[in-house]
Each structure stands twice: as C-alpha cells, then as structure tokens.
Amino acid sequence: MTNRLQTLGTRGALAVVLVVLALVPVVCTTFFTSQVGLTSLWLGIVAVSLTFLSGYGGMVSLAQTALFGVAGLVTARLSVESGWDPWAAALVGILAATAVGLLFGAVASGSQGIYFLIITLAFAQVAYFYFAAVPTFGAHEGINGVRPPAVLGDPVQDPARMYWFLLAVSVLVFLGLRHVSRTAFGLALQGVRDDPVRMAALGYNVRLHRILGFTLAAPVAGAAGVLSAWSNTRMSAGSISLAIAILVLTAAVIGGLNRLEGAWVGALLYTLCDTYLRGWTDRFTTWLGVVFLVIVLVSPGGVVGLVSSAATWLRRRLPGGSAPPAVPSAPAPPVPVSSGGAR
Amino acid sequence: MTDPVLRVRGLTRRFGGVVAVGDVDLDIAPGERRAVLGPNGAGKSTLFNLIAGADTPTSGSIELFGADVTSSGARQRTRQGLSRTFQTSRLLTGLTVEDNLYLAAIGVDGGRFRLVRTGRDRAARERARRTAASVGMADRLKTLAGDLSHGEQRQLEIGLALVAEPRMLLLDEPAAGLSRAERQLLTALLLSLDRDVTLLLIEHDMDVALTVAERVTMMHDGVVIVEGTPAEIRADQRVHDLYLGKAHV
C-alpha cells in the first residue's frame with residue numbers, strides 16, 4: 001500500500017514538474033525560453049545518452065558529442081546546401097550518427113574503464129578535427145542558416161513551439177531509455193556492467209551486448225545534435241570541441257549518473273550558471289568550477305541524489321512520517337542461515 | 001556403462017614450465033555425483049576452468065554430451081547445458097535477486113536482446129522465482145544481490161547455475177567461507193538436486209564432498225592419483241598422507 005502511495009506520489013510530482021516545464025514559454029521571457037530552455041533541453045538529451053551508457057552499461061563515453069556532431073552537421077549540410085526537407089535531413093543525420101555509433105562501439109567495446117574513456121576521447125577528437133577541416137561541412141566556419149521545420153516556428157523570435165517540441169522529445173527519450181533499462185536487453189546490459197565474466201558464463205555475448213548498448217545511445221545523442229542545430233540555426237566543429245565533450249560529462253555527473261533525469265537537471269544547472277553567472281562576475285569559470293566541485297563532494301549521486309536524500313530526511317522528520325527510506329534497507333535474513341562465516 | 005556426459009582424455013595445461021594439469025583422463029556418467037579433491041595447487045581449479053571453457057588446454061580433448069568441445073568457448077558450453085558456479089561469488093550486485101535469476105534463465109533460453117516484454121519473459125520470471133524458492137531465497141527476491149550476506153550470496157551463486165536447468169553442473173568450492181550450519185544446508189540442497197543433473201564439484205571440505213559424491217577423484221600436483229568411492233577414499237593411505245602432511249611421497 002505504501003508502495004502504491006509512493007508510486008502515486010512520484011507520478012504526481014513528475015506531472016507537476018512537467019506542467020511547470022510546459023508553462024515556461026507562457027510565463028517566462030522569450031530570452032529565457034530560448035537561451036535557458038532550449039539549451040538545457042538539447043544539452044540534457046545528449047547528456048542522458050551518456051548517463052544511460054555510464055549508469056546502465058558502465059561505459060563512460062566522451063564520444064557522445066562526436067555522434068551529436070555527426071547528426072547535427074549532416075542534417076545542417078543536407079538542409080542548407082542540398083535543400084532537403086528538414087525532417088528528412090534530420091532522419092538521415094540520426095541514421096548516420098547511429099551507424100557511426102555502431103562503428104565506435106565495435107572498436108571501443110573491447111576496452112573497459114579508463115581505456116574505454118581514452119578511446120572515446122580519441123573518437124571525439126577525430127570527429128572534431130574531421131569536421132574542422134572538411135569544407136563539405138563548412139570547415140571551421142560551420143554551417144549557418146539551418147532552418148528547422150516550419151511547424152516549429154522561429155527558434156529565436158518565437159521559441160515556444162520549438163521548446164515544446166524539445167520537451168516532448170526529452171520526455172520520449174526519458175521514457176524510452178527507462179523502458180529499455182527494464183527489458184531483457186537493458187537488464188543484461190546492467191549485468192554486463194556488474195560482472196562480465198559471470199554474464200559470459202551465463203551464456204551472454206558480452207562484447208555484442210556492449211556494442212548494441214553503445215549503438216542504442218547513438219541516436220539519442222544524434223537527436224540532440226539535430227535539435228541543437230535547429231535551436232541555434234547553426235552548427236560548427238566548435239559545437240563538438242573537447243570543451244563541449246567535457247561539458248556534457250560535467251552536466252551528467254552533477255545531475256547524477258544513477259538516474260536518467262539527472263542529465264536534464266545537470267544541463268539546466270549548467271545553463272543557468274552559464275547564462276546568469278557571467279553577468280555577475282568576471283570570474284565566471286572559477287565560480288562554475290566551485291559550484292560543481294561542491295555538488296560532487298557533497299553528493300556522489302549528483303543533484304538528483306541530493307534531492308532524494310533530502311526528501312528521505314524530511315519524511316523522517318515530519319510528524320508521523322516513518323516512511324520507508326528511498327532504498328529499502330535489507331531486513332535481517334529470515335532464512336535459517338547465519339550470515340557469519342565469511343573469511 | 002552408458003555414454004559419459006563428460007569425457008576428458010589426456011588433458012594437459014602448462015603455464016610456462018609448470019604443469020598445472022598433466023594428462024588427466026576423466027569419465028563422468030549421466031546423473032553421477034563426482035567430487036574432485038586435492039590439496040591447494042593440485043590443479044583442481046585449472047581442470048575446472050578447462051572443463052567450463054574459461055581456459056584452453058595445451059593438449060588433450062574434452063567431450064561434452066558426446067560432442068567435442070575442446071575448442072569452443074564458455075558461452076557455447078553453457079548453451080549446451082553446462083552450468084558453473086564460481087569459487088568467489090560472481091553476482092550481478094546492482095540487480096535484485098530475481099533479476100539475477102531471470103538473466104540466468106534467459107541466458108540459455110534466448111531472448112537476450114529483447115526490447116519488449118513477452119509471455120516468454122513471464123515464464124522466465126516464473127522459473128526465476130521457483131529457483132529462488134528451491135535455494136531458500138523466496139523472501140529475498142527484491143533485495144539487491146550486493147546487499148546479501150555471504151551465505152546468501154553462495155546460495156544465489158548456486159541458484160544462478162540451476163535456473164537454466166543444466167544437464168551438468170560444475171560447482172567450484174560451493175562451501176567456501178560458509179559456517180557449519182550453512183554447510184549443512186548446502187549439503188542438503190545438493191542432495192536434493194534432480195538425478196537428471198550430473199554433478200561435478202571441487203571441494204576442500206571433506207564432509208560436504210564425501211557426503212554428496214558417489215565417486216571421488218583425488219588430484220595431486222596436476223595428476224589424478226586415485227579414484228574411488230568415498231569409502232575407498234577415506235581408507236586410502238595416499239589420501240591420508242596428502243591431507244595429514246606426508247605430501248610428496
């Protein structure tokens with residue numbers, strides 16, 4: 001019963017958050033909607049592709065911006081230079097990112113931990129230097145004047161519809177990834193994260209599972225690339241520099257790598273700091289660094305982890321509130337087996 | 001005698017100059033309970049890894065269920081009906097007991113890449129819960145494997161090997177680190193296993209091994225020195241020498 005109440009409570013809270021988020025273009029200024037809203041949404045989507053890989057697959061990838069760039073720049077190239085319909089261009093861009101993701105995954109999946117990180121860092125750099133050099137993709141200039149589909153309106157003058165579209169895509173991505181994490185494939189991915197040797201002994205092809213997990217996250221990063229190109233009406237190699245790759249990692253970490261929603265929270269926090277801290281201080285990056293350092297030190301689970309431990313603490317303090325803790329702690333083993341004997 | 005489920009011939013594994021397993025022959029009949037005993041460094045674990053497919057032999061051959069598997073990997077052998085446990089528990093610590101068993105069930109069944117839930121998933125979940133009950137973990141289904149006590153982790157370790165309904169079960173020191181009460185529980189569990197399952201266990205603990213096994217293979221310095229019934233093994237002078245300190249006769 002408490003469980004059902006809790007589920008209802010969580011769903012209710014989520015619904016409230018969604019309504020508040022949907023009201024942003026109505027209540028807030030155009031500047032806020034476009035500068036903070038759009039940016040945190042597409043940044044959140046590329047960050048969640050990393051949160052998924054890291055949290056469920058144990059793969060900390062720096063290559064997500066590379067896939068983001070492939071999709072964004074292919075879409076921009078096709079719609080600006082070749083005059084394609086924006087939707088068709090976006091589809092091809094995301095497919096291209098998925099194909100590149102499959103390739104990256106096939107190469108990187110043999111490595112783990114720090115080696116995986118370094119290989120994906122190399123991918124990020126290769127993509128950056130490739131796009132910075134190749135004239136087809138505008139080289140350093142990038143591609144300007146990307147037109148989003150007409151139905152989404154002008155992202156600068158009237159960002160409301162674009163904002164709602166990005167919000168809808170974010171919700172779909174969140175629900176989709178959460179669904180995947182509960183399927184056979186997603187659970188097995190978590191099994192591979194926990195113990196690849198055991199998974200191989202259970203009959204799993206560990207490497208193939210890693211490759212497919214990586215490939216599955218690629219269209220998510222790709223979609224973010226397309227949405228970024230549409231929101232900013234441009235994209236260039238600078239949009240996928242090493243600094244951006246690290247920014248995506250930072251957003252995911254400060255939001256909380258254990259929870260998918262952390263990606264958007266981290267992205268929002270970064271965007272808010274980036275937008276407003278600059279106006280208050282010359283030492284913007286120092287303060288940003290301090291904020292992030294404090295979050296990581298105080299809460300390894302990021303902001304989302306911080307919020308859920310605060311909620312648990314509050315529930316315990318409230319009168320009559322002996323609600324169960326967020327993570328159900330194990331009761332004493334009811335089996336007639338003593339827990340001793342461990343060497 | 002019926003065809004053996006496991007036939008090992010001239011199996012040898014060298015690590016540099018060290019012969020970990022030297023020219024071992026082994027035949028295990030369907031439904032047999034066999035224990036491999038021996039002091040530390042006797043080559044038990046190496047032999048076990050070779051049979052499970054986690055290691056490749058330097059020479060010799062392994063036949064499993066009548067087919068040569070010498071060159072096939074652990075994954076293929078698992079799908080043919082061979083299950084193993086690990087000496088130190090290897091559990092999926094971030095997942096619940098039920099999800100651990102569920103993944104073990106579909107690892108052999110298929111559907112490992114499914115992105116939707118189907119009726120087969122329900123069947124696999126049902127088997128996971130049945131197995132949990134049979135290893136005494138019915139009330140721990142929703143507990144994370146990482147939060148279990150050592151004894152419970154050993155129980156789940158065996159559950160993971162059982163849920164796939166293997167034809168042959170390899171148990172690597174299942175009693176390692178268990179208390180006396182837990183060892184008795186384990187012995188009872190092993191004795192209650194279906195006779196269709198062939199059992200091969202490595203054990204340090206003579207009580208567990210000699211109670212469960214019908215035949216015992218004694219290894220020392222990588223070679224088999226004696227094979228017989230538990231009674232014969234108990235009476236064997238060489239076994240006494242090995243375990244009571246007169247090693248290297």
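Guide: What follows is a walk through chain B, from its sheets to its interface with chain A. The model is predicted, and the description should be read with that in mind.

I begin with the sheet of 4 strands. Chain B has an open sheet in the order S2-S1-S4-S5, and its pairing is antiparallel. S2 and S5 of chain B are the edge strands, each pairing on one side only.

The sheet can be followed strand by strand. Strand S1 of chain B, residues 6-15, pairs with strand S2, residues 18-28, in the antiparallel sense over 7 bridges. One position to look at is B:Val8, which stands opposite B:Leu26 in S2(B). S1(B) and S2(B) form a hairpin with 2 residues between them, and B:Gly16 in that turn has a positive phi of about 60°.

S1(B) also pairs with strand S4 of chain B, residues 59-64, in the antiparallel sense and over 5 bridges. Here B:Thr12 stands opposite B:Ser59 in S4(B), and B:Leu6 stands opposite B:Leu64 of that strand. B:Leu64 in turn stands opposite B:Ala67 in S5(B). Strand S5 of chain B, residues 67-68, runs antiparallel to S4(B) and is joined to it by 2 bridges. The hairpin of S4(B) and S5(B) has 2 residues between the strands, and B:Phe65 takes a positive phi near 50° there.

H1(B) lies across S1, S2 and S4 of chain B, and it runs at about 60° to S2(B).

The bridge partner of B:Arg34 in S8(B) is B:Leu200.

B:Glu157 forms a salt bridge with A:Arg198, and their closest N and O atoms are 2.3 Å apart. Across the interface of chain B and chain A the rule finds 2 salt bridges. Between the two chains, 11 residue pairs are in polar contact, counting pairs with both residues at pLDDT 80 or more.

Helices H2 (74-79), H3 (97-109), H4 (119-134), H5 and H6 (180-191) of chain B each supply at least two residues of the side that touches chain A. H3(B) gives the largest share of that side, 7 residues. By class, the side of chain B that touches chain A has 16 nonpolar, 12 polar and 15 charged residues.

Now to the extent of the interface. In contact are 43 residues of chain B and 37 residues of chain A. The size of an interface is often given as the accessible area lost when the parts come together. Chain B and chain A bury about 3,400 Å² between them, and 61% of it is on carbon and sulfur atoms. B:Arg90, B:Phe113 and B:Leu115 supply 17% of the area that chain B buries against chain A, more than any other three residues.

Two backbone positions in chain A complete the tour. A:Ala139 has a phi near 45°, a positive value in a residue other than glycine. Its place is in the loop between helix H5 (113-133) and strand S1 (143-144) of chain A. A:Thr233 also has a positive phi, near 55°, and is likewise a residue other than glycine. A:Thr233 is in the loop between helix H9 (206-232) and strand S2 (234-235) of chain A.

Technical notes: Residues numbered from 1 in each chain as written. Chains lettered and ligands numbered in written order. Predicted model: local features only at pLDDT ≥ 70, side-chain atom pairs only at ≥ 80, totals over all residues. Heavy atoms only, no water. Pairing = 2+ DSSP bridges. Contact = heavy atoms within 4.5 Å. Buried area = accessible area lost by both parts, 1.4 Å probe. Salt bridge = Lys/Arg side-chain N within 4 Å of Asp/Glu carboxyl O. Polar contact = N/O pair within 3.5 Å; in protein donor to acceptor, adjacent residues only side chain to side chain. Nonpolar A, V, L, I, M, F, W, Y, C, P; charged D, E, K, R; others polar. Axes fitted to C-alpha atoms, helices over the stretch in contact; angles between N-to-C directions.
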